[in-house]
Amino acid sequence: MQLDDVKKDQLLAAKAEVTAAYEELKAAGLKLDLTRGKPSAEQLDFATDLLSLPGKNFTTPGGVDTRNYGGLNGLAELRELWAQLLGVPADNVIAGDASSLNIMFDLISWSYTFGNNDSPKPWAVEEDLKWICPVPGYDRHHSITELFGFEMVTVPMTESGPDMDAVRELVKDPAVKGMWTVPMFANPTGITITEEVARELAEMDTAASDFRIVWDNAYAVHVLNDEFPEVINVLDLAEKAGHPNRFWFMSSTSKITLAGAGVAFFASSKANLDWYGKIANIRGIGPNKVNQLAHLQYFGDAEGVRDVMRKHAGSLAPKFTRVVEILERRLGEYNVADWTNPAGGYFISVDLVDGTASRVVQLAKEAGVALTGAGSTFPLKQDPNDRNLRLAPSMPTIDQLDTAMDGFATCVLLATIEALEA
């Protein structure tokens, strides 16, 4: 969005009103936080019963005593349950400890150190490593590949997923080793990759034989309604395309039960899991199976997971609705921003007039409203257009959200007025 798109006369006519509203906002002494997609206390309370499990019976239905060592792949029953949600065979799923981000870090780190099962040599000894990053995207993904020194090459997100013309061109370079994706209700756009694009990702030829796509399905069941979309079985698509090892498929319960105290899942081809297991078996002797049993008992079955997610939707959906209502009411008439209206996930992505996002964050901070930093959805936190901001409605109460979003809208208007007058 450019300054020429703004309805200048209407906005400049409102300058005195906007300036007064901003001074009133600063005088209110607010301390509100829209920075990260954390579950609210209400959402965390949904999992209170989990803390009393597994009770005094620590044995799985299959007879495994979860208090002891072993079981590198996790509990068979929980893997079966989660495989149903992911639409993949249970034999292709590993259940680990709390964080899928930890598993993603391991996959990159071990490929860098040792090479993965399709690598002719460790990534560390290769030159000019590159990684594809659809943008806007997830900052913690970018931080991993940044840490290992990858050149992070951006491609734009479309309504159906990453720009495939750009992706196909990039993977002709053997230095391009992989790609980040959040395929359902993406962070921060809320976009879901279509089956057509997923099939193109599975089928495309790549110059690097050990090219991997991190398929981070963090929000597969995080709907804001009662419609749970089908999860695409990319493992099957890749197998049929002759690239069976292409996808590292992630999932977890981190925003379903308790953040940092849940279960993470890694689904992939047998060859990928065997490679992962050989190293994981040296790193440790097995995951927290007591916690896995507690989750198994808490959910019961796949429909039990959906029942929990309906509770989350009941908490989150009104907040997302309120954010969109305020954006439309306060900003719509001036044409100063575009925003997403997702059907799931944890975020709303807002594109402002080019060059104003950093100023909006600064104005909001001075008024006591903390926003995720401008550029955070881009590698190295560098948005070349200084336009995108990510809003996280989950943590505040509705009343706090009303105040924070009204303040946010005031800051957007003021920053745009400043840009018009510069």
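## Basis

The structure is a predicted model. Every value given here was computed from that model.

## Nonpolar cores

The largest nonpolar core has 111 residues, and within it Leu201 and Phe408 touch the most other members. At least three of the core's residues come from domain 1 (3-43 + 307-421), and at least three from domain 2 (61-301). In soluble globular proteins, nonpolar side chains tend to be buried together.

Which residues does Leu201 touch, leaving aside those up to four places away in sequence? They are Met164, Val167, Met179, Ile213, Trp215, Arg246 and Phe247.

## Strand S6 and its partners

Strand S6 spans residues 176-181, and six of its six residues are buried, so the strand is largely enclosed by the rest of the structure. Strand S3 (residues 130-135) runs parallel to S6 and is joined to it by three bridges. In this pairing, Trp131 stands opposite Gly178 of S6.

S6 also pairs with strand S7 (residues 212-216), again in the parallel sense, over four bridges. Here Met179 is placed opposite Ile213 of S7. Both Met179 and Ile213 are among the residues that Leu201 touches. Together with helix H8 (residues 195-203), S6 and S7 make a β-α-β unit, and this unit is right-handed.

## Strands S11 and S13

Strand S11 (residues 348-352) pairs with S13 in the antiparallel sense, with four bridges between them. Ile348 stands opposite Leu391 of S13.

In a regular strand the side chains alternate between the two faces of the sheet. In S13 (residues 388-391), Asn388 and Arg390 point one way, while Leu389 and Leu391 point the other way. Are these residues of S13 buried or exposed? All of them, on either side, are buried.

## Cysteines

How many disulfides does the structure hold? The number is zero.

Conventions:
Residues numbered from 1 in each chain as written. Predicted model: local features only at pLDDT ≥ 70, side-chain atom pairs only at ≥ 80, totals over all residues. Heavy atoms only, no water. Disulfide = S-S within 2.5 Å. Core = buried A, V, L, I, M, F, W, Y, C linked by side-chain atoms within 4.5 Å. Buried < 20%, exposed > 50% of the residue type's maximum accessible area, 1.4 Å probe, protein only. Domains from an automatic or database assignment. Contact = heavy atoms within 4.5 Å. Helix = DSSP H or I, 4+ residues; strand = E, 2+ residues; numbered from the N terminus. Pairing = 2+ DSSP bridges. Right-handed = clockwise from strand over helix to strand, strands pointing away.
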